Amino acid sequence: MTDFALLAAACDWQPGYRQRLIEAYQATGLEGPAANEFAAKTMEQRGGWRAAAILDEDGHRIGQVVLGLTERHGGSTGRIGELWTDPRHDAQGSHRRAAHAWARRWCAQRGAGQVMVRLAAPDEIFADYPVRGQTRIKVMTAPAAPPAGVTYRPMTQAEYPAWLAAGEQRYIADMVRAGSHTPEQARKKAEADYRTLLPQGVATPDNTLLVLQADGEPIGNGWLRHGHLPEVTYGYSLVVHPEFRGRGHGRSAMAIGEQVTWEVGDRVVMFNVFGGNEVAMSLYTAVGYRVLEETRSCDLAPGVAS
């Protein structure tokens with residue numbers, strides 16, 4: 001039998017959760033200050049959430065589940081921040097399965113039509129939840145070398161408007177394909193995010209906007225934000241134009257991103273890939289990028305709340 005007890009104080013659940021996040025990030029390769037800061041940012045998103053202790057048949061606390069609600073698409077989405085049990089006291093996973101069912105009911109009883117979970121490590125309980133997005137990283141001891149003739153240069157102010165329009169359209173398409181936003185919601189988010197992240201366009205500090213070239217011919221572009229975390233550059237985009245795809249330039253673009261990251265003094269490259277983009281996922285895996293976090297979600301079937 002598994003029972004649950006709501007935890008009234010954040011100090012009853014946050015320290016352990018944060019430490020497990022840090023350990024999971026470190027296991028993927030994100031070390032030191034970067035792992036701590038990324039965990040802190042994740043914890044900031046847990047404001048207003050509720051946590052419950054998971055109790056065994058003797059009333060001993062053997063884990064915890066962290067839950068919340070978010071308004072999305074005009075309705076509520078339940079969120080599972082953490083579902084953890086001590087493996088020493090739940091070797092068969094029965095308490096975890098009971099906690100998963102309880103968490104889904106908790107969300108459904110509060111009007112949620114969907115449950116979303118953010119995983120810092122693989123979890124078979126959520127294997128049937130479709131992937132909505134992944135954060136991937138590569139820790140470099142040296143940058144990959146692009147092929148001979150493949151170079152980059154800074155994007156010019158004249159090139160920026162066309163790049164911005166194309167980037168917003170790709171971002172919208174990614175969000176819609178992943179199932180995270182409607183087209184109108186995706187458009188508004190794309191416009192707002194670009195305004196916030198690039199307030200000065202090509203001159204925005206700590207950002208590199210670049211044009212990829214092969215033998216002097218433009219073949220793509222990229223956007224990197226440096227110092228996203230300590231020694232971490234975040235790659236918002238590295239794009240090869242459609243007419244130049246299928247020639248290995250995707251790997252070249254990744255190598256250029258690593259080269260630029262190395263040149264500014266960062267040692268980790270981080271990217272996000274939306275669910276449904278299997279081509280990008282395969283490329284990231286092939287060139288050594290590991291999954292740091294993964295977002296999954298699924299709809300709640302009628303009757304879950306009962």
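Modeller: Angles under 35 degrees count as roughly parallel, over 145 as roughly antiparallel, 65 to 115 as roughly perpendicular, and the rest as oblique. The angles run from 0 to 180 degrees between N-to-C directions of axes, which are lines fitted to C-alpha atoms, for helices over the stretch in contact. Helices (H or I, at least four residues) and strands (E, at least two) are DSSP runs, numbered from the N terminus. Helix H4 (residues 160-178) and helix H5 (residues 183-197) pack at about 135°, with axes 9 Å apart, and H4 and H5 are therefore oblique to each other.

Colleague: On what kind of model do these values rest?

Modeller: This is a predicted model, in which local features need pLDDT of at least 70 and side-chain atom pairs count only at pLDDT 80 or more, while totals for chains, interfaces and linings use all residues. Residues are numbered from 1 along each chain as its sequence is written, and side-chain values use heavy atoms, with hydrogens and water left out.

Colleague: Is the crossing of H4 and H5 left-handed or right-handed?

Modeller: A crossing is left-handed if the near helix is turned anticlockwise from the far one by less than a right angle, and right-handed if clockwise. The crossing of H4 and H5 is right-handed. Contact means heavy atoms within 4.5 Å; residues making it include Trp-163 and Tyr-171 of H4, and Ala-186 and Tyr-194 of H5. By class, this contact has 10 nonpolar, 1 polar and 5 charged residues. Ala, Val, Leu, Ile, Met, Phe, Trp, Tyr, Cys and Pro count as nonpolar, Asp, Glu, Lys and Arg as charged, and the others, Gly among them, as polar.

Colleague: How do H1 and H2 cross?

Modeller: The axes of helix H1 (residues 14-28) and helix H2 (residues 32-44) come within 9 Å and cross at roughly 135°, which makes H1 oblique to H2. H1 passes H2 in a right-handed crossing.

Colleague: Is Glu-82 buried or exposed?

Modeller: Buried means under 20% relative accessible area, exposed over 50%, and partly exposed in between (1.4 Å probe, protein chains only). Glu-82 lies in strand S4 (residues 75-85) and is buried, because its relative accessible area is 8%. Leaving aside neighbours within four places in sequence, Glu-82 is in contact with Tyr-17, Arg-20, Gln-64, Val-65 and Val-66.

Colleague: And which loop holds Gly-216?

Modeller: Gly-216 is found between strand S8 (207-214) and strand S9 (217-229), and at 52% relative accessibility it counts as exposed.
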